Amino acid sequence: MNDKNPKSSSGKFRKWFKRKHKKKQPDPYYLQDELSDGDDFMEDIYVSSLEIDPCTSTNELRIFVGTWNVAGRAPVGSLAVDLEEWLKPQDAVDIYVLGFQEIVPLKTRTVIGTEDPRKATNWNLLIGKVLNESSGCPWLTPMLNPISSDSYHYVRNPGLEKRASFSAICDNTRMRGKPITQHRHHQQAVIGGSKYKLMASKKMVGVFISVWMKEELVTKYTVSNVKVSSVACGIMGYLGNKGSVSVSMSIERTSFCFIAAHLASGEKQGYEGRRNHQVSEIFKRTSFPRSAKDEHNLHPLTILGHDRIFWFGDLNYRLYNLEDNLARHLIQKKDWKALQEFDQLRREQEDGGVFQGWREGNIEFAPTYKYSSSNFNRYSGGVPSRSGEKQRTPAWCDRILWYGKGVKLLSYLRSEIKFSDHRPVSALFSTQIEVNKSSNPRIFSKDTIVPNIMPPEQIIFPLQGTSGNYEEGKATLLSLIVKDTEASSIHTKKL
């Protein structure tokens, strides 16, 4: 058969297709390229349709990231009011990611001794209470005290979609970075009526991270590969007084990594090199190993393998080569732009020493460290010097940075909670996630239905015809198209 003959079936099909598409702009989900003739033209239609019709769409999430050095103080009940002022629970926030430093005093017994899970437990209970009760949802304390260790991981229970499951495990050095569900001590508890659910939590000495997500989104989206990792790089390079705790998780097709860090202190010249080295060590040593269960569900192994990355904490970068009295003068004038010229972290980034390519919001608030332990309304030290107070030049020690596309900063500010010698800092982000179009009616299996190449008001024709014969199906389809060129319409009742 001569396919170029305009009177042939395929020639009429070409003529009809061009005529239809001249009349109106084609739907992007329908085939726009020239179709092949012959026995494989249905195959070409299918492949082209899948290329034009992507399997994913993008949805927006709002993420609140906060960091706070609490100077070893316990989360007393009265702190709930201050915590609410900082977190400002509101319906617009989908995920809360909170990083804390020094939730225990950094003394010898806490640094080299056995981890005490009670501090992390108390912080999680207080955070859960603030987030949920402020949103009008009752916060029920877990029964049987199941949250009793330093690591937690949300586990979806298919039979209890509307409940929150928590698993608690006892962590040790050999288990760090491994999937939490593989750990030995695995307990679960059910907490009902909550708006925000604890997704992951990790403590290493005084560094602590806690991730919470709206319950409705936990049900709506596929949240997978929730893993934790810790890196100790303090005394001798391996003790946990300094270092990081990290959470890796995937929401649908987008992977996230959250790193809460506490870096080397000290404002002497050259100490920035220590901090840069610790950042490098955290990049090198943070890992999220795969297990046998991850064979068909691969996840990033390292920090930089993720799509969206947030790094926050008491990074301890100071003001470089600036006299204390001049720094305090600029703070009094609220000349943040002039003060940032001496910011050590910005200089190190510009010089390529650390966080190359990472972004941070414009700092339009006063330095967050160091406030007087006797009067949290003023900075420590100054002239005249006060007895018993450390002389420290104020600095922006508490920072939030991010890396990756699809992230937009909405706000970057500090809170005025007078609980420790640091002020908490927070950032609100809008980020995009890729979501599978699992229910998209235009995505079909090649073995069952051919993509619709007819106008929307027409039908989708089975690939194999009514008798299961491919040639009959093709001939029937072409005959319908030919009739359409003569009668200018096709009615489903004719089938």
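These legends describe close-up views of a predicted model. Residues are numbered from 1 along each chain as its sequence is written, and side-chain values use heavy atoms, without hydrogens or water. Local features need pLDDT of at least 70 and side-chain atom pairs pLDDT 80 or more, while totals for chains, interfaces and linings use all residues.

View 1. Of the 495 residues, 52% count as buried. Buried means under 20% relative accessible area (1.4 Å probe, protein chains only).

**View 2. Ser 380 lies in a loop.** The loop runs between helix 10 (344–350) and strand 12 (398–403). Ser 380 is buried, with a relative accessible area of 2%. Its side chain reaches the backbone oxygen of Lys 390 at 2.6 Å.

**View 3. Ser 380 has contacts beyond its sequence neighbours.** Contact means heavy atoms within 4.5 Å. Leaving aside neighbours within four places in sequence, Ser 380 touches Arg 328, Lys 370, Tyr 371, Ser 372, Glu 389, Lys 390 and Arg 392.

**View 4. Phe 310 belongs to the largest nonpolar core.** Such a core is a set of buried Ala, Val, Leu, Ile, Met, Phe, Trp, Tyr and Cys residues joined through side-chain atoms within 4.5 Å. Of its 83 residues, Phe 100, Phe 258 and Phe 310 touch the most other members. A second, separate core of 19 residues includes Leu 263, Val 279, Val 354 and Leu 401.

Methods: Helix = DSSP H or I, 4+ residues; strand = E, 2+ residues; numbered from the N terminus. Buried < 20%, exposed > 50% of the residue type's maximum accessible area, 1.4 Å probe, protein only. Polar contact = N/O pair within 3.5 Å; in protein donor to acceptor, adjacent residues only side chain to side chain.
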